[in-house]
Amino acid sequence: RPVGHRGFVFEPGQFAWLITGRTPFHRDKHPISMSSCAFDDPGRDVAFTIKNLGDWSGKIVPQLKPGARIWVDGPYGAFTPDREQGFGYVLVGGGAGVTPLFSMCRTFAERGDARPVILICGGRDHKSLTFSDQLDSLKAKMNLTVVSVLEHPPDNWTGETGYITTEILRKHLPPQYKRFQYFVCGPVPLMERMEKALPELGIPASRIHTERFDIVSRAGKTMRHLIVTRIFWL
C-alpha cells in the first residue's frame, strides 16, 4: 500500500524498479513486472510476483515481511496492449516472463473485454507453469485460451510438448491471426525463436512486441515507496 501518497496507476504489462534498501538511491535496483490487475484509478493493490533467479530474489526478497518498506520506481515500459489495439491478442511467455502477460489477462477480465486472447506458455514441467490455476479461473470471465507447452511432461500429459515452435503456433492460431497483436516475454532463447517464427507466419513486424529489461531507459524516474502487505512466492 502507498505511504504518503495516493498510489499510482499503470498499464497491464508494465514494470517498475524495486529498491529494498534504506533509500531510493540504493545500488540494488531490480526491474519487476506488475502481476496485478491494472486499474484506472490509484490506491488499488499493486502486486509483484518474483521468482528465485539470483542473490536478490533468492536471499533478500524472502527476508521481506509484511510492514517492510520498499521503494518503487515506475511504472515503465511500452509493452502493453493498451497502446496496441487489435482484433485479438496472442501472448507468448515462459518462466518469469509470464508475469506481465498474467497482468494483461487479469486486466482484460476486469474490464469485461470480449476480444479473444490466446496465451501460449512454455515451461520445463507442470510445476513451472506459473499462474496456471488463476488462469483457469479467468476463462469464465474472458475469451481466453491457454496452451501449455512442456519440455518434460508427466506421463498423463495430453498437451503440447517440447518448445514453442512455428508448428505449435500454426496449430493454435485462429484463421484471422494476422490481425492480432503479439506480445512475447520470456527467456532469450524463446524470444529469439518467436522473433523468427512470427514473421515466418506472415505477422507484420509492427504487431510483434517483446520485452527486454536490459535496454530499459530510466530517464525521468519517479520514486515512490510502499508498505508490503502481502508476499507471494513461486
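The side chains of R44 and D41 meet in a salt bridge, with N and O 3.4 Å apart, a salt bridge being a side-chain nitrogen of Lys or Arg within 4 Å of a carboxyl oxygen of Asp or Glu. This is a predicted model, in which local features need pLDDT of at least 70 and side-chain atom pairs count only at pLDDT 80 or more, whereas totals for chains, interfaces and linings use all residues. Residues are numbered from 1 along each chain as its sequence is written, and side-chain values use heavy atoms, with hydrogens and water left out.

**Salt bridges**

- The structure holds 8 salt bridges, including the one between R44 and D41.
- R44 is partly exposed at a relative accessible area of 40%, and D41 is likewise partly exposed at 35% (buried means under 20% relative accessible area, exposed over 50%, and partly exposed in between, with a 1.4 Å probe and protein chains only).
- K59 and D55 are joined through their side chains by a salt bridge of 3.9 Å, N to O; both lie in helix α1 (residues 55-60), 4 residues apart, about one turn of the helix, and both are exposed.
- Helices (H or I, at least four residues) and strands (E, at least two) are DSSP runs, numbered from the N terminus.
- E160 forms a salt bridge with K171, in which the closest N and O atoms are 2.9 Å apart. E160 belongs to strand β7 (residues 160-161) and K171 to helix α4 (residues 166-172), so the pair ties together parts that are 11 residues apart in sequence.
- Within this pair, E160 is buried, with a relative accessible area of 14%, whereas K171 is exposed, with a relative accessible area of 60%.

**Cavities**

- The structure holds 2 cavities of 30 Å³ or more, where a cavity is a set of points, on a 1 Å grid over the protein atoms alone, at which a 1.4 Å probe fits but cannot get out.
- The second largest cavity has a volume of about 50 Å³, a volume being the space filled by probe spheres set on the points, which are joined across faces, edges and corners.
- Its lining consists of F8, V9, F10, C37, F39, D41, G43, R44, D45 and V46, lining residues being those with an atom within 4 Å of a point; D41 and R44, which meet in a salt bridge, are thus among the residues listed.
- By class, this lining has 6 nonpolar, 1 polar and 3 charged residues (Ala, Val, Leu, Ile, Met, Phe, Trp, Tyr, Cys and Pro count as nonpolar, Asp, Glu, Lys and Arg as charged, and the others, Gly among them, as polar).

**Buried residues and their contacts**

- Q181 lies in strand β8 (residues 181-185) and is buried, with a relative accessible area of 5%.
- A polar atom of the Q181 side chain lies 3.1 Å from the backbone oxygen of Q85, and the side chain of Q181 makes a polar contact of 2.8 Å with the side chain of H209 (a polar contact is a pair of N or O atoms within 3.5 Å; within protein, one must be able to donate a hydrogen and the other to accept it, and residues adjacent in sequence count only if both atoms are side-chain atoms).
- T166, in helix α4, is buried at a relative accessible area of 12% and, leaving aside neighbours within four places in sequence, is in contact with A197, E200 and L201, contact meaning heavy atoms within 4.5 Å.
- I208, found in strand β9 (residues 208-210), is buried at 17% relative accessible area and, with neighbours within four places in sequence again left aside, is in contact with Y182, L198, P199 and I203.

Notes: On a 1 Å grid over the protein atoms alone, a cavity is a set of points where a 1.4 Å probe fits but cannot get out, and a pocket is an open set with protein on both sides within 12 Å along at least five of seven lines; lining residues have an atom within 4 Å of a point.
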